[in-house]
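Please keep the sequence and the coordinates at hand while reading.

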Amino acid sequence: MRQTVRRRTRLAGLGLAAAAVLALTVGFNGTSEVQYDAQPESSAHSKEVYLFSSVDSMVATSHLVVYGTVTAVGEGRFTGADEDGSTASQIRLRKVTITVDNVLHNPKLALVPPLITLEEEGWDALGRGYTVNGVAWSNVGDTGYFFLRRAVGGDANTYTLTSSDGRVLDQGGVLSPSNTERELAGQITAIQPTMFGVTVYNASQAYAAGTLPAAASVGDQPESPEGPGE
């Protein structure tokens with residue numbers, strides 16, 4: 001879910017003075033020390049690569065769907081640079097380790113190890129934490145369904161969420177969508193928690209049979225008469 005256009009807003013109740021920070025000795029390009037927020041202090045909005053009308057469509061568009069638990073979170077790789085080659089806009093990704101309990105969708109029949117990596121944003125060049133499109137940072141202990149696509153520039157076992165809808169946590173038998181502002185969130189919570197995994201599996205089978213197509217990216221979809229949306 002690589003982001004290219006962002007609008008930032010400060011999260012209520014959080015700021016540099018209020019958010020705890022983690023001091024690291026390695027700075028950008030090794031030139032200075034950067035402190036990384038332990039909690040996000042702002043939010044950003046970015047255009048999605050995919051917009052889904054159903055869980056089935058999100059399954060078909062994912063490279064991998066697993067049920068698992070977040071067992072570790074740490075600082076990940078740096079990404080992004082300005083057109084002039086400077087790193088003033090460079091961000092640092094969060095590296096989220098997921099212990100895989102069950103693989104529900106794996107259309108390429110790739111070897112899925114017990115541990116896979118989810119990359120999420122992140123920190124800006126000054127170490128300020130932020131979330132994107134309303135998706136909270138992953139935390140150790142988060143358990144649920146992860147809809148994933150392989151990360152650009154990452155290895156074979158490094159992924160990003162297919163969209164901001166792509167994490168559905170199982171919280172004591174209650175499904176918790178990652179983006180509650182989307183129509184898809186209502187569809188997710190309308191599914192019985194005990195049936196959600198079955199829904200994902202059935203969609204995977206339909207995709208394998210050729211009866212369920214993957215969604216086109218937003219950039220490949222025709223524009224509405226009113227012009228492109230946000």
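## Contacts of F196

F196 touches V55, Y145, F147, V168, L175, I188 and I191, leaving aside residues up to four places away in sequence; contact means heavy atoms within 4.5 Å. The model is predicted, so local features need pLDDT of at least 70 and side-chain atom pairs count only at pLDDT 80 or more, while totals for chains, interfaces and linings use all residues. Residues are numbered from 1 along each chain as its sequence is written, and side-chain values use heavy atoms, with hydrogens and water left out.

## Nonpolar cores

The largest nonpolar core has 20 residues, of which V55, Y145, F147, V168, I188, F196 and V200 touch the most other members. Such a core is a set of buried Ala, Val, Leu, Ile, Met, Phe, Trp, Tyr and Cys residues joined through side-chain atoms within 4.5 Å. Buried means under 20% relative accessible area, exposed over 50%, and partly exposed in between (1.4 Å probe, protein chains only). At least two residues of this core come from each of α1 (55–61), β5, β9, α2 (183–190) and α3 (193–208). Helices (H or I, at least four residues) and strands (E, at least two) are DSSP runs, numbered from the N terminus. The largest share, 4 residues, is supplied by α1.

Another core, of 15 residues, lies apart from this one; among its members are L64, I98, V135 and L169.

## Residue S57

S57 is located in helix α1. With a relative accessible area of 12%, S57 is buried. F52 and A215 are touched by S57, not counting residues up to four places away in sequence.

## Helix α3

The 16 residues of α3 reach 24 Å from the first C-alpha to the last, close to the 22 Å expected at 1.5 Å a residue; the expected span is 1.5 Å times one less than the number of residues. Buried residues in α3 are F196, G197, V200, A203 and S204. They lie on the same side of α3 because they cover an arc of only 125° around the axis, taken from the directions from the helix axis to the C-beta atoms. After α3 comes G210, with a positive phi near 85°.

## Strand pairing

Strand β5 (residues 64–79) pairs with strand β9 (residues 143–150) in the antiparallel sense over 6 bridges. Two strands pair if DSSP finds at least two bridges between them. L64 has L148 as its bridge partner in β9.

β5 and strand β6 (residues 91–105) run antiparallel and are joined by 12 bridges. Here the bridge partner of G74 is K95 in β6.
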